[in-house]
Amino acid sequence: MSTLPDTSSYKTVRFSETTITELMIPSYSNFGGKIHGGILLSLMDKVAYVCAAKHAGNYCVTASIDTVDFLQLVEVGELVSLMASVNYVGHTSLVVGIRVISENIKTNVIKHTNTSYFTMVAKDEDNKPVQIPGLILEDKTHVRRFIEARRRKEIKKNYKQEIDKIVMPADYALCEQLLTGERCFMA
């Protein structure tokens, strides 16, 4: 007969769910008149921190960000909402999933603009990693997100191993061969 874990050191996903909403003002725009991607990244980092810190009960730092795809432009005057939840927990790190939407407050048109995953690490007062509470998965969506986050973590590890294997060929002739068909030339 299996025993359930001591749930006193676990928290629900709902406990730390966080939403930040902000009006996009002209000073947030880029040279094209649209909201600068860096503004959105900063807001995503902020909501990831709040969500992670609520779950961990400690200060948290951003360790990595898995792909950030800008799916739709965000306009000045739109209301941007960033919704964050803990998708996965390890011992000292956790993955926060973030969904970003923008709303035109005149037309009520809502656009999904970004989805991203931030890996955060909990730190103690001495800046050392500290163990975080486990995660209580209350529904199928939470289970799916946890499993998907674990799989992304595995893929990321394999990807890093492959990247570490990239080496510039010592043979200049091989370099020319590798560049055949590319939009460049060696002078």
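Reply: Helices here are DSSP runs of H or I with at least four residues, strands are runs of E with at least two, and both are numbered from the N terminus. The model is a predicted one.

Start with the whole protein. Its secondary structure comes to 4 helices and 7 strands. Along the sequence, the pattern reads β-α-β-α-β-β-β-β-β-α-α. The radius of gyration is 21 Å, well over the 16 Å that the globule rule gives for 187 residues, so the protein is more spread out than a compact globule. Its C-alpha atoms fill a box of roughly 65 × 55 × 35 Å along the principal axes. Of the 187 residues, 32% are buried. The accessible surface is about 12,100 Å², and carbon and sulfur atoms hold 57% of it. Take the contacts with a separation of 6 or more: 70% of them join residues 24 or more positions apart.

Now the sheet. It is open and has 5 strands, in the order β2-β4-β5-β6-β3, with antiparallel pairing. The edge strands are β2 (18-23) and β3 (59-66), and each pairs on one side only. From one strand to the next, the twist averages 30 degrees. Strands of a sheet pair through backbone hydrogen bonds, either parallel or antiparallel.

β2 and β4 pair in the antiparallel sense over 6 bridges. Thr 21 has its bridge partner in β4, at Ser 81. In a regular strand the side chains alternate between the two faces of the sheet. β2 has a covered face with Thr 18, Ile 20 and Glu 22. Its uncovered face holds Thr 19, Thr 21 and Leu 23.

Step across to the next pair. β4 spans residues 79-89 and β5 spans residues 93-103. These two strands are antiparallel and share 10 bridges. One example is Val 80, whose bridge partner in β5 is Ser 102.

Next come the helices on the sheet. Helix α2 (residues 37-56) lies across β2, β3, β4, β5 and β6 (110-123). Helix α2 runs at about 45 degrees to β4. Helix α3 (residues 140-164) also packs on the sheet, where it touches β3, β4, β5 and β6. The direction of helix α3 makes about 80 degrees with that of β4.

The structure holds 2 aromatic pairs. One is Tyr 49 with Tyr 59, 5.9 Å from centre to centre. The planes of these two rings are 55 degrees apart, and the pair is tilted. Tyr 49 lies in helix α2 and Tyr 59 in strand β3, so the pair ties together parts that are 10 residues apart in sequence. Tyr 49 has a relative accessible area of 33%, so it counts as partly exposed. Tyr 59 is partly exposed as well, at 48%.

Another pair is Tyr 88 with Phe 146. Their ring centres are 4.8 Å apart and their planes stand at 40 degrees, so this pair is tilted. The pair links distant parts of the chain: Tyr 88 is in strand β4 and Phe 146 is in helix α3, 58 residues apart. Tyr 88 is buried, and Phe 146 is buried too.

Helix α1 covers residues 13-16, and Ser 16 lies in it. The relative accessible area of Ser 16 is 0%, so this residue is buried. What is Ser 16 in contact with, leaving aside its neighbours within four places in sequence? The contacts are Cys 51, Lys 54, His 55, Ala 84 and Val 86.

Finish past the end of β5. Asn 104 lies in the loop between β5 and β6. With a relative accessibility of 23%, Asn 104 counts as partly exposed; the cut-off for buried is under 20%. Leaving aside neighbours within four places in sequence, Asn 104 is in contact with Glu 78 and Val 109. Val 76 is 28 residues from Asn 104 along the chain, and their C-alpha atoms are separated by 9.3 Å.

Notes: Residues are numbered from 1 along each chain as its sequence is written. Side-chain values use heavy atoms; hydrogens and water are left out. Two strands pair if DSSP finds at least two bridges between them. Axes are lines fitted to C-alpha atoms, for helices over the stretch in contact, and angles run from 0 to 180 degrees between N-to-C directions. Contact means heavy atoms within 4.5 Å. The radius of gyration is taken over C-alpha atoms; the globule rule is 2.2 Å times the number of residues to the power 0.38. Buried means under 20% relative accessible area, exposed over 50%, partly exposed in between (1.4 Å probe, protein chains only). Accessible areas come from the Shrake-Rupley method with a 1.4 Å probe; for residues, only the protein chains shown count as cover. Rings of Phe, Tyr and Trp (its six-membered ring) pair if their centres lie within 6.5 Å; planes under 30 degrees apart count as stacked, over 60 as edge-to-face and the rest as tilted.
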